[in-house]
Amino acid sequence: MRLSKYLLPTLKELPADADTVSAKLMLRAGLIRKVAAGLYEWLPFGLRVLKKVEQIIREEMDRAGGQEVWLPIVQPKELWEETGRWQVYGKELLRIKDRKDTEFCLAPTAEEVITDLVRREVRSYRELPLLLYQFGIKFRDEIRPRFGVMRAREFYMKDAYSFHADDADLEKTYKEVYDAYVRICERCGFKFRPVEAATGAIGGRFSHEFMVLAETGEETIATCDVCGYAANIELAESTAFGSKKGEPLQALGEVDTPDCWTVEDVSKLLKIPKIKFIKTLFYDTDQGPVVALMRGDHELNEAKLQRHLGAKWIQKASDETYRSVAHCEVGYAGPVGLSARVVADWNVATVENGVTGANKKDKHLVNVNLERDYTLAPESFGDLRMVREGDPCTRCFRKNTEKPTFHKLAFHKGIEVGHVFKLGTKYSESMSAGFLTEKGTKSPFVMGCYGIGVSRIVAAAIEQCHDDNGILWPAPLAPFQVIVLPLNVSEPNVMAAAEKIYSELRSRGVEALLDDRDQRAGVKFKDADLLGIPWRVTVGEKKLAGGCVELKSRSASASEDAPVEEAADRVLKKITP
């Protein structure tokens, strides 16, 4: 490809509204252009990368036994009503009507459509297991699109679904696709971690996220370098490793705390450490009002609370709910006399002579003790808190119960590029999708779901692989393998040598780009670094006078000389695995 004829509009200045490294570099290097908030055009340079990612994923899905299909992006309301998600999915679901006033949505995912397809076409256990996948556009009407194509409203992904006769069969396919995702990440050249994760809006019983490690990632993951445990911060396990110290119980008392209602403020006023506090947190849920008790120095993990309750949804309680449950002004409640269910984190049980709200404005209780003073004891205790960096690893503890070893959790930032789920029968039961067993009875499909963001992988690669000058493409994703760069296109000898090397590379199957633009050398070098093509062949008059050209890796500081006749061979050896 000749750069003079190629649509590759690079930019010198940083785009003002680009908020991540990948967004800035994708715009500057001419991979994408913004049409509207969260909507992007993919230009030829960017599309080449996107298609390379797609092909890697396709090869690994085929290797795992998948069959490719093509599903519509416009999906009928009726299917979403069968699963109940038309009402609960929220404003991210873009609902539309056709000329007959029939309602549809633009697909944010494809569980309903794929389940409908399989229930119409698969009848017997003999046709199972079945693994179907597709590449397609998805649309989620994000309230605040950001991070370029990483959190766009329209994005390109691969989603796959598997159908099974039982859980044991699902487990086999889940492991096969999990392994396929590991190979995809490895082939893309990523530093990554598969981590245990919450299932979110998709639902299901169990899931793993595939996280590309990058300081700019918006997700936090907790890992143990000893046992290999890794989990999303929403799921990372904690427990009460401590115990009561056996302090003498002090007399319960009420103290004035004027205009102080946060743990931070009351702790400063009373000069009592936050570890001595019990926070009383109020939530509305589909099961009614719930109060969660937390130790004062800990943060509640709402995802854990929802799982602990088995609730379909939870949200912070309104002021009205707060007052009706606590019978006091907002900010001064304690776990006494509450008109709601009460649950508590394990660590609350370790608090001795603690501090809580007194259910009176500007008042708090001191020397509160669980067994003696709680008039409404928690109905259950569990792991409800957000883990902190340096916390003990629960998995190490469980593996060594006789001689507990407390290895510390480390935190990393990551970008989620893939997610695999064990859905179970969540969708097949609600849509009456099943098969005839060997005994002739009907049973619902046991399902798995496996998504990976194709466009997000492109952005994640740039977030992980860049420097101050531009992109550093991993070789498997690079849009071109080599850029041939003649410094003076008006010099016949220079162009003749560049054309020779360029033609030899292309004839041997190398993806080469010839920068035949009549531009200054500095401009060409800067563009070459910005584009991130792994190898550069520079043809200049001085080197050419000695019969040589210059070879340089994008990631190296030094270059090497090669005879013109050997340049193509040298490059081929360097790019061949």
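Which residues does V387 touch, not counting residues up to four places away in sequence? The points below take that up after the overall layout of the chain.

1. Overall layout. This is a predicted model. The protein chain holds 17 helices and 31 strands. Its C-alpha atoms fill a box of roughly 95 × 65 × 55 Å, taken along the principal axes. Of the 577 residues in the protein chain, 52% are buried. Among contacts between residues at least 6 apart in sequence, 68% join residues at least 24 apart.

2. V387. This residue is found in the loop between β20 and α11, the helix at 394–399. The residues V387 touches, leaving out those up to four places away in sequence, are A222, I233, A236, E237, S238, K304, L409 and F411. Buried means under 20% relative accessible area; V387 has 3% relative accessibility and therefore counts as buried. As a reference for distance, V387 and Y322 lie 65 residues apart in sequence and 27 Å apart in space, C-alpha to C-alpha.

3. The sheet that includes β20. An open sheet is formed by 5 strands in the order β16-β14-β15-β17-β20, with mixed pairing. The edges are taken by β16 (314–316) and β20 (380–382); each has a single partner strand, so one side of each is left without a neighbour in the sheet. From one strand to the next, the twist averages 35°.

4. A parallel pair within that sheet. Strands of a sheet pair through backbone hydrogen bonds, either parallel or antiparallel. Strand β15 (residues 290–295) pairs with strand β17 (residues 341–345) in the parallel sense, over 4 bridges.

5. An antiparallel pair. Strand β30 (residues 548–553) and strand β31 (residues 560–563) pair in the antiparallel sense, over 4 bridges. The two strands β30 and β31 form a hairpin, with 6 residues between them. Here L551 stands opposite E560 in β31.

6. Helices α2 and α6. Two packed helices are described by the angle between their axes and the distance between the axes. For helix α2 (residues 44–63) and helix α6 (residues 167–187), the angle is about 150° and the axes are 9 Å apart. Angles over 145 degrees count as roughly antiparallel, and that is why α2 is described as roughly antiparallel to α6. The crossing of α2 past α6 is right-handed. On the α2 side the contact is made by I56, I57, E59, E60, M61 and R63, and on the α6 side by V177, A180, Y181, R183, I184 and R187. By class, the contact of α2 with α6 has 7 nonpolar and 5 charged residues, and no polar ones.

7. Helices α1 and α13. The axes of helix α1 (residues 21–28) and helix α13 (residues 454–464) come within 8 Å and cross at roughly 105°. That angle makes α1 roughly perpendicular to α13. The contact is made by V21, S22, L25 and M26 of α1, together with V458, A459, I462 and E463 of α13. By class, the contact of α1 with α13 has 6 nonpolar residues, 1 polar and 1 charged.

Notes: Residues are numbered from 1 along each chain as its sequence is written. This is a predicted model: local features need pLDDT of at least 70, side-chain atom pairs count only at pLDDT 80 or more; totals for chains, interfaces and linings use all residues. Side-chain values use heavy atoms; hydrogens and water are left out. Two strands pair if DSSP finds at least two bridges between them. Axes are lines fitted to C-alpha atoms, for helices over the stretch in contact, and angles run from 0 to 180 degrees between N-to-C directions. Angles under 35 degrees count as roughly parallel, over 145 as roughly antiparallel, 65 to 115 as roughly perpendicular and the rest as oblique. A crossing is left-handed if the near helix is turned anticlockwise from the far one by less than a right angle, and right-handed if clockwise. Contact means heavy atoms within 4.5 Å. Ala, Val, Leu, Ile, Met, Phe, Trp, Tyr, Cys and Pro count as nonpolar, Asp, Glu, Lys and Arg as charged, and the others, Gly among them, as polar. Buried means under 20% relative accessible area, exposed over 50%, partly exposed in between (1.4 Å probe, protein chains only).
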